[in-house]
Amino acid sequence: MSSVVITLVSLVISLHLSLLYPGLLCPLHKPPERQIVVGICAMMKKSKSKPMTQILERLCKFDYINVVIFPEEVILEEPVEKWPLCDCLISFHSKGFPLDKAVEYAKLRNPLLINDLNMQYYIQDRREVYRILREEGIDLPRYAVLNRDPDNPEECNLVEGEDHVEVNGEVFPKPFVEKPVCAEDHNVYIYYPTSAGGGSQRLFRKIGSRSSVYSPESSVRKTGSYIYEEFMPTDGTDVKVYTVGPDYAHAEARKSPALDGKVERDSEGKEIRYPVMLTSMEKLVARKVCLAFKQTVCGFDLLRANGHSFVCDVNGFSFVKNSMKYYDDCAKVLGNMVMRELAPQFHIPWSIPMEAEDIPIVPTTSGTMMELRCVIAIIRHGDRTPKQKMKMEVRHPLFFELFDKYGGYKSGKLKLKKPKQLQEVLDIARLLLVELGQHTDCEIEEKKSKLEQLKTVLEMYGHFSGINRKVQLTYLRNGQPKASSEEEDSKKDGPSLLLVLKWGGELTPAGRVQAEELGRAFRCMYPGGQGDYAGFPGCGLLRLHSTYRHDLKIYASDEGRVQMTAAAFAKGLLALEGELTPILVQMVKSANMNGLLDSDSDSLTDCQQKVKARLHEIMQKDQELTQDDYQKLAPTGSPSLVNSMKVIENPVKTCDKVYGLIQSLTSQIRKRLEDPKSADLQLYHSETLELMLQRWSKLERDFRTKNGRYDISKIPDIYDCIKYDSQHNASLGLEDTLELFRLSRALADIVIPQEYGISKAEKLDIAQAYCVPLMKKIQLDLQRTHEDEAVNKLHPLYSRGVMSPGRHVRTRLYFTSESHVHSLLSIFRYGGLLDEEKDWQWKQAMDYLSAVSELNYMTQIVIMLYEDNDKPSSEERFHVELHFSPGVKGCEDEENVPLGYGFRPASSENQDKKPNQGSLEDLSQDQVDQALPVSEPINIQRRSPMIRNRKTGSMEVLSETSPTQSSKGSTSHRLFPSCSRQSPEIKPASGLGSLCSGLFSASALGVSCSAPNLRDYVRTHHHHHRKPPLSPGFEGCSMVPSIYPLETLHNSLSLKQVDEFLNNVCESSSEAHAKTMKALSSLFDSQSQTSLYSPQQPLSSSGSETSLHSLCCDAVDTEGFLGVLSRCL
């Protein structure tokens, strides 16, 4: 009896281990495994295509699945009795495929059908396709069917007019579309009205670089049967949707073949397509199409027009091309589907994935389980080229005409950014220079040197992008006040225009890499990675997003560098592929939002003017700084300020040194220019030595004025330039650059933060002027998260297989510039959120922030909201955490970097915790993690994507005795096993790519935390991202600085506490509140981008609640690839 019990126990243990770790037990202990055979029955061109090959390779990684491809000669020539046997059949029709034989085979062998075969007959007839779509209640373009039957010609009811056609009594004015009823016939014609020139566009299956051609023929075809439908205006874009089962859909946009017929291809000759997001209704349509046609893998076409989406074609079995993420997803969905249906009947030990992973539940720092509901991040843009500016007073009538033409007199100011506008400014400059050359005594008051600089800058790059240059014109009623008596004598009466030319400030390739890598790492903010995604950090977010439960909106200011940073971040966050421009158009909402993310730097508040004057006064002292100066300049006692003042000692003497170093630098560059070897040297980002010299020469001229005093406002520009050249142009080997960097940084570390206020009261006053509208928006984001609202969520009635269709995570990302980040941080620091004396964690956070000297590129302020469903009515139900990162690391290794206390540190430990010396270090610098012994086999999870670990609650965890458990004093379960397999989605970054540093502080990994173990992740993947050695002058030669990880400022705030704080800050100033209402109103009324935003009801004092409700629902959201229409969701 005891031997039987022992045998049974050993069998149970073996089965349990085999479920956890397939392949771990030796073959002698495993029962014979029954393999599930998946048969691929299609024409060879389809079954051997790249997408099919990629997906089948991934499908074969399932332990119990084997794939058999039916040879084409067998399909065509052999009877179905001789076809290979299979348990699951993937078969689909294409040109030359014997669908009848496939149907016969399915009846004979009765395999599991991925795509129904009988329905494929219907898909070949457009009339049947439209009938089924209409029966399912799916929107179609208005259409009529013309059947031509040779035996019954009287049934053909067609009346053709000059500009319309009447089919069966239904009138279709031109433009209209004529489609053959046979779906295999791709000769679709579009007929144009005579008012537009008449003729027709003839579409066909792509041949080379053409997909259509224009024809002067205006008459419809007289033979054959056709569908006639109204033409839908889609702004030249089609959307192709690819389903894999009813719960997964991938969408791509492409240039419409009807536009000009030219196929847009990339450098590898592939048609350019852009991944896009589907609206909630479009996702519902995808589900309906998949189920109605019984095609698991199914492609169909969407037309987005007039704020609605219309299905115009269903193609049946169709794969996405060139998307690794889609290949991963498709294989996982198909593999899980096959295993779910067939594993039980073949007694294969395969566990059905637990759906609890769908709810993003994490352990809080106090040990309780909470659900992540909202992530809000305010992020500064990435690395950019130095910003440059030139001012000149103009009086020529041509400038006044231009000012009037674009409505400058309405507000007295005009901003010109569009290519056409900049071309007009360039034409005026060229004309005036020609006149100056012909007539030396002509009355053109504009200085020749300024006009030449205006012309040179506008002619840069050979084209206008509208992103890297802009011209601002300001009306001066009495002209510009002159500084000297000589100028007063020559001053003319009457109005003038102040022309300000701005250029530079473009996002660099390094900046794009920083943003994309941070976006990729930012996924790890989200819990998940269980089930199918075990071992791959960040896939919890991708699963949330792919199952339509991630409510994401991305906002950016109107600056090009900020917008492109947002697009690059989105690319990394959502594992998108392709260029940034279409991602920007589709996913980033940007408009002139009157202060939400933009700021008018030319119009300073009274407080700012006074602060700048005091700052300039102190920094003009030609003596060592006294204790009184320390008190005046750094009343908050900030260590970063005090340290910089100690470096400076005497402000004027330091400025003298800086000026001398700049002169030395320009002298060295001039010598290089004289050297024939360096004449054509290309610097970083295609800059030349001449342009570099222009940059520094202008700073040399502007920094020291004619009266010998220094213009302190130029210090940030000097630091900007030397930081850029130290990082990107270090290969030039210019002397004394490090000393110039050290001194200018010390000056900048005083001037830049103190321009936003010297005392706490001033900092708060200036911060409110900048970012009260943003604070109000953040407050609304937090408030609306826990209330019912109509966001893009999965439809509960159609959500089989998703345990929590009504739950969603709201993500709001705000990309902006330095001014808003400084101001927002000032509000949190000095606005009275918490009392430092009473809250030890806040005291630690304030000490840490005081030690941070610079809010560098990619600085992040992150707010996370959690919900505890066990406390339905308590204030403790909602839990808020505040995190911060000072952005990218500086050019040189800093000895005294401020130390934080980790990301989401455990509350119980922190009181005795000393700062971790590695908390701000790049995780890629870590030593080999001792949690994984070198001798430990790491391929346990390599084969099957369906390995599942033991569950605790809704999290997957490892046993505390597991060999992969960290040995470094971990006090909680690890969310991810150390021996994580590499996902195919993670691949080496192209170009400049180097793995971004960990998103989270190293001091908290292994402690209670929603992040995966990034140490293992970085260690495993770092070698994939090593940059090859590059020659000097090459585009990618400069390093890409790593980014400081997030540090937690506070992790036990209540939502009520934060809400009251935000409300007090926003309401504390009537002026600030008025500005808020103006900014919120502009989101509805702004005409700055009329093509993007539909007009909404204006705000009034009595209707503010309604408008705020609309705003919190993100009324500036855009639908469609080109963002034609905005809606309040």
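Student: Which residues of helix H7 (residues 126-135) are buried?

Tutor: Buried means under 20% relative accessible area, exposed over 50%, partly exposed in between (1.4 Å probe, protein chains only). Helices (H or I, at least four residues) and strands (E, at least two) are DSSP runs, numbered from the N terminus. In H7 the buried residues are Arg126, Val129, Tyr130, Ile132 and Leu133. They fall within an arc of 165° seen down the axis of H7, so they line one face of the helix; the arc is taken from the directions from the helix axis to the C-beta atoms.

This is a predicted model: local features need pLDDT of at least 70, side-chain atom pairs count only at pLDDT 80 or more, and totals for chains, interfaces and linings use all residues. Residues are numbered from 1 along each chain as its sequence is written, and side-chain values use heavy atoms, with hydrogens and water left out.

Student: What do the buried residues of H7 pack against?

Tutor: Contact means heavy atoms within 4.5 Å. The packing partners include helix H6 (119-123), strand E5 (143-146) and helix H8 (280-292).

Student: Which residue caps the N-terminal end of H7?

Tutor: Asp125 does, with a side-chain oxygen 2.8 Å from the backbone nitrogen of Arg127. Just after H7, Gly137 has a positive phi of about 75°.

Student: Is Ile752 buried or exposed?

Tutor: Ile752, in helix H24 (residues 737-754), is buried at 14% relative accessibility. Leaving aside neighbours within four places in sequence, Ile752 contacts Pro716, Glu818 and His822.

How values were computed
A polar contact is a pair of N or O atoms within 3.5 Å; within protein, one must be able to donate a hydrogen and the other to accept it, and residues adjacent in sequence count only if both atoms are side-chain atoms.
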